[in-house]
Amino acid sequence: MFKIPFLDLPPLRSAAGTVRLPGSKSISNRVLLLAGLSEGTTAVHDLLDSDDTAVMLASLKTLGCQLKTDHAGVLHLTGIGGRLQTRQAQLFLGNAGTAMRPLTAALALLAATQGGEFELSGVPRMHERPIADLVDALRLLGCQIECLGNEGYPPLKLTGPSPLKLDEPVKVRGDVSSQFLTALLLALPLVATQQDVVIEVVGELISKPYIHITLALLERFGIQVQREGWQRFTIPAGSRYRSPGDLHVEGDASSASYFIALGAIAASDEPLRIEGVGQASLQGDVRFAEAAQAMGAIVASGPNWLEVRRGAWPLRGIDLDCNHIPDAAMTLALMALYADGPTTLRNIASWRVKETDRLSAMATELRKLGAEVEEGPDWLRVQPLRDWRAASIHTYDDHRMAMCFSLAAFNGLLSDRSPQRVKHHPDPAAIRGELQTKDRAVPVRILDPQCVAKTFPDYFETLFGVVEARSEDIPVITIDGPTASGKGTLADQVAHALGYVILDSGSLYRACALAAHRGEVDLDDGEAVAAVGANLNLSFKNGHVWLDEEDISEDLRREATGLMASQVAAHPAVRAALNQLQLDFRRLPGLVADGRDMGTDVFPDAGLKVFLTASAATRAERRHKQLISKGISANIEGLRQDLEARDARDKNRAASPLHPAADAKMLDNSAQSIEESTQRVLAWWAQTRPFAVQR
Ligand SMILES: Nc1ncnc2c1ncn2[C@@H]1O[C@H](COP(=O)(O)OP(=O)(O)OP(=O)(O)O)[C@@H](O)[C@H]1O
Ligand SMILES: Nc1ccn([C@@H]2O[C@H](COP(=O)(O)O)[C@@H](O)[C@H]2O)c(=O)n1
């Protein structure tokens, strides 16, 4: 996960490959609650591991459920069998509506029937999300619920015992959020032991597919709800939660929407395969695929997979009632930017009471990209966008905002099929406009990218696994300089702050020298050492370097290896042999490369080149400290002589000698802390970026 203040996405060009979706949030939290209320143990496979499931799991544990995860990642959850194990608890539910609503219903009923006192709270936004319809329904039933802040909003206090009136139907509004009905359906079997319990929906029920999931899962746990249309639901007397034993959580269909859109926009050569949802999916959001098809996507499907590729291009603008796909519909607003006409999304009032007011947030952020957007109380109209602006996208602590806006990074694609589009614009000036658009692909900045943790912690990593950018669009920062100037340390810090990949090019020369030395190759024989370099089987894991099956990290860092590296690095053939290996590190979302010739030879087009120096005395002192801290004895004068000899060889060799690139920024960190030099470099980098000041 990218735990950084912002993540810059360079212009992206294409998508292909296979995505395995994380487990569905809606299914995961329903299953957890049902398993928690059941008797016996449920083995939950493919459970979503995210912020929202974490708060549900923590609550169930507090309430006395037993949780164990086995080696295969399967959760074994032993429920409380409908009998309270603890009568007092304070539960923190973050911003998880799928935890707050059903736990409110279940604990209100358990407190009423068995006695107890429970407090349910969340993050500040959760305390702005209405829950009055559920609270009203439960109070009418006889539950004691106090709103501890504003009336109709969490935090809530649930107390009991209190008598319940089960003879009358429980009435609940269905036109604000279907989660209130879901909460009642999941919890009321607790009190349907002696008599039928009837729920009547007041008003038109929205988001019916989510109720469909609830009913299907209740059935898996032994509760057969009888349904009359979408207005009346009966939980039969004698209902009891029974664990199904094993249960597999299907992939998240709302999360699939980003990859379906990705296929529609960018899978022009081969389809993008999405595994985890398909025709057999329980989730209503799987119907997002139909909306994508209406916009031009070509979709093939099996029971639990989809394959999506680009059909119409530009996409087609649509006018759609999105009541059946409320969460996934947000993705359509981004697809609309790539369409040939306006897209209108209707019946999306529920967006206003989600993690944020999504209607307003979506309109605001689309406008930052340059889009023309109209917003109504329950609708949104988005015009196609051709003249994109580089924008910092505020994500409002809303995972879906972050994931949706990643799709804006394909803004350079619209002119890829210029001849096709030019047909609509025979004017040569329009043709020139198209070409300009192509050249003006802009990056997109996603603020607070870790908000995706709510449902899809590895979203950006997964995205980077199936998309490609032109190499020249992937940003590079180079840090060159003499031995022990702090290049590696600075590169690590800068890369960490930006979420970028790191290339420690010195380690490649070191590994090559080490492998040649071990193979008894003459280090003065450039061609022979280059042959070793061309066949190195290196891998980099968690800051360690592996040669074949061996972790060579310690050997690499020895001073003797550094000296051998500088010896072999003087051979042009060795440099040529290692060149492609270094270029291959230019990966999404960007690269920080440290060495001697990163800015001069390997990445001459780097967006920022830093030449890092420090006095020889300072460098010798730092290296001395570094070695001593690792328990390696060293002599400071000897170290200074070694590093000066190495510098002299690196500077004076004919092939890629060490010197600052003409456009490098010079940084002498002799008197600077690591933090100060890091901030200096990040400030220089910010000056090269096209984004307005972060808000
Ligand atoms: N600005 C700084 N202030 C104090 N110490 C620093 C600073 N920068 C780096 N150091 C320390 O100096 C030592 C050498 O740094 P580092 O290994 O990053 O240098 P390098 O240039 O990458 O070396 P090499 O050329 O051998 O790869 C480390 O112990 C590091 O913590
Ligand atoms: N881009 C580079 C990087 C390194 N070298 C040579 O390797 C030696 C070891 O490098 P460290 O950064 O790990 O100390 C170094 O002395 C150089 O001779 C290089 O040539 N080009």
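How many bridges join strand E17 (residues 298–302) to E18? The answer is five, and the two strands run antiparallel. This is a predicted model, so every feature below belongs to a prediction.

Stay with E17 and E18. A hairpin connects them, and two residues carry the chain from one strand to the other. One bridge can be picked out by name: Ile298 has Arg309 as its partner in E18.

E18 also pairs with another strand. Strand E16 (residues 272–275) is joined to E18 (residues 305–309) by four bridges. Here too the strands run antiparallel. Look for Leu272, whose bridge partner in E18 is Val308.

Now turn to helix H1, which covers residues 25–37. H1 has 13 residues. From first C-alpha to last, H1 reaches 18 Å, close to the 18 Å expected at 1.5 Å a residue. H1 is mostly covered, with 13 of its 13 residues buried. An α-helix has 3.6 residues a turn, so residues three or four places apart point the same way.

Next comes a loop residue. Leu148 sits in the loop between strand E9 (144–147) and strand E10 (156–160). Leaving aside residues up to four places away in sequence, Leu148 touches Pro155, Leu156 and Lys157. Gln231 is 83 residues from Leu148 along the chain.

Definitions and conventions
Residues are numbered from 1 along each chain as its sequence is written. Chains are lettered from A and ligands numbered from 1 in the order in which they are written. This is a predicted model: local features need pLDDT of at least 70, side-chain atom pairs count only at pLDDT 80 or more; totals for chains, interfaces and linings use all residues. Two residues are in contact if their C-beta atoms, placed from the backbone, lie within 7 Å. Two strands pair if DSSP finds at least two bridges between them. The expected span of a helix is 1.5 Å times one less than its number of residues. A residue is buried if 20 or more other C-beta atoms lie within 10 Å of its own, exposed if 12 or fewer, and partly exposed in between; C-beta atoms are placed from the backbone.
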